[in-house]
Amino acid sequence: MEQLIQQLVNGISLGSIYALIALGYTMVYGIVKLINFAHGDVFMVGAFIGFYSITILDLGIFPALLISMAACALFGVLIERIAYKPLRNATRIAALITAIGVSLFIEYGTIYIRGAQPEAYPNGIVPLKSIEILGVKISGQSLLILAVSIFLMILLQFIVYKTKIGKAMRAVSHDQDAAKLMGINVNNTISATFAIGSALAGAAGVVFGIYYTKIEPLMGIIPGLKAFVAAVLGGIGIIPGAMAGGLLLGVIEALVSAAGFSLWRDGVAFVVLILILIFRPAGLFGKNVREKV
Amino acid sequence: MLKINDINVYYGNIHALKGVSLEIHPGEIVTLIGANGAGKSTLLKTISGLLKPKTGEILFEGEHVAGKVPQLIVKRGISHVPEGRRVFANMSVEENLELGAFLRKDKKAISEDFEKVYGLFPRLFERRRQLSGTLSGGEQQMLAMGRALMARPRLLLLDEPSMGLAPLLVKTIFRIIEEINQSGTTILLVEQNANMALSIASRAYVIETGKIVATGTAAELGQSDQIRQAYLGGH
């Protein structure tokens, strides 16, 4: 029993990371109907920026987290402006192929610049101590991941539902022309969406580095794909869906490992993807919304 | 107030508006009538900046606005209620109205305008917390109009406000259009229901395959045999 709860805790920590990445996928999809396959690589870049902030600039994890988020936000906006914006009216497949190209460009650009060797986040940088509840040990890293992700998700909810830019984002994702008629600047709103999504990926990169220690230039591929699965699982384009999908996927993986099939961990995510596409293609939170016309 | 001189608009290779000119004076209700596909909505979209004319000019209160982005045009004082209402179905009535005032910063005046819109459309006040996708067609039309009014326009463009509505509701909507006009907003009304449109308009233009083919006071056009046969189902 304790073993099971322990695994659940691990699953939730891992799932929070997936959820943070999945949010960026889902927000971008919601607004420009593009699966941004370069999103996992923004996560990787975030992990490296966090790493260099801690090791070279000698900063604590929270300043490093902020720097990484800010840099990734900017990076995301640049990607959108340079690679995707010229294709705004092109076919969706053209944009999708471009996204794959951008992803490879970032991966191998990073290798070109700094080499392919992995790095390790230093130990003992987490200010939180591990705690024990009912015989279950929750590490400081897990607590940090949970605290950071819960805080960011609440912040995101606030931005999306209560602020002007959030309302503009929802309006543009629903109907771009109608949004224009309200005086909303659609280009800026799309940039803001990329900025927010990429900042979350950057944060996920830093907490991933703190939790798993090892980072390398191709580290974004698998978590990126799994976060994509999480976004589809929750219902692509639906923000609470990405959160739930990420957590659920993390827990499923942890339970599969706990059951002794840890080699199957990575495969399970894709089994989940296939099952959801067969039985509930709109995702867990997706409804076939019937709107009166 | 609005003066359109000889504009040409294309959709790709299709020449949708062919040298259209039109003028609206302050305080008027002007209606544009014509069959499906004649270019009525295209003209409204060009005025509000969703489409750019290839040639020709649009002057609003003396300023050139042709080809400007919708954001600037809304700011100048033109609001467009698009065909099919296009409310933000995933948001509440209140949020839709807030978005109508997106470019405004005068909080106090905005809350006054909320009162005004709710006064004009009491139904929207009753349903202000409801998702707008769950409203009936007539309520969505009211919301689309209320949302446009939240920008405090001096010129309101209405595209087919009666579309798909029951006759009784059409009457209500037209009564409200007159009310909006009487409180000082100039209106350009696009309608297929030409009878209703002519009954509240002061002047009218008739558009056929991208060209203005007739213009005059609403009374004149209402009596013209040609117009009656083509658009009014008259005898």
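## Helices on the sheet of chain B

In this predicted model, helix α6 (residues 137-149) of chain B lies across strands β6 and β7 of chain B. Helix α6 of chain B runs at about 170° to β6(B).

The sheet itself is open and has six strands, in the order β6-β7-β8-β3-β9-β10 (chain B). Its pairing is mixed. At the edges stand β6 (78-81) and β10 (211-217) of chain B; each has a single partner strand, so one side of each is left without a neighbour in the sheet. On average, neighbouring strands of this sheet are turned by 15° against each other, with direction ignored.

Another helix, α1 (residues 40-48) of chain B, also packs on the sheet. Helix α1 of chain B touches β3, β6, β7 (155-159), β8 (186-191) and β9 of chain B. The direction of this helix makes about 150° with that of β7(B).

## A parallel pair in the sheet

Two of the strands in chain B, β3 (residues 29-33) and β9 (residues 203-208), pair in the parallel sense. Four bridges make up this pairing. Opposite B:Leu32 stands B:Tyr205, a residue of β9(B).

## The overall form of chain A

Chain A contains 11 helices and four strands. The radius of gyration of chain A is 19 Å, close to the 19 Å that the globule rule gives for 293 residues, so chain A is as compact as a globular protein of that length.

Of the 293 residues in chain A, 49% are buried. Contacts in chain A between residues at least 6 apart in sequence can also be sorted by separation: 75% of them join residues at least 24 apart.

## One residue of chain A

A:Gln157 belongs to helix α5 (residues 140-162) of chain A. Is A:Gln157 buried, exposed or partly exposed? A:Gln157 has 14 other C-beta atoms within 10 Å, so this residue is partly exposed; a buried residue would have 20 or more, and an exposed one 12 or fewer.

A:Gly202 is 45 residues away from A:Gln157 along the chain. The C-alpha atoms of these two residues are separated by 18 Å.

## Where chains A and B touch

How many residues does the contact take from each chain? The contact takes 16 residues from chain A and 24 residues from chain B. On the side of chain A that touches chain B, α6 (164-174) and α7 (176-181) of chain A each supply at least two residues. By class, this side of chain A has six nonpolar, three polar and seven charged residues.

Conventions. Residues numbered from 1 in each chain as written. Chains lettered and ligands numbered in written order. Predicted model: local features only at pLDDT ≥ 70, side-chain atom pairs only at ≥ 80, totals over all residues. Contact = placed C-beta atoms within 7 Å. Nonpolar A, V, L, I, M, F, W, Y, C, P; charged D, E, K, R; others polar. Rg over C-alpha atoms; globule rule 2.2 N^0.38 Å. Pairing = 2+ DSSP bridges. Axes fitted to C-alpha atoms, helices over the stretch in contact; angles between N-to-C directions.
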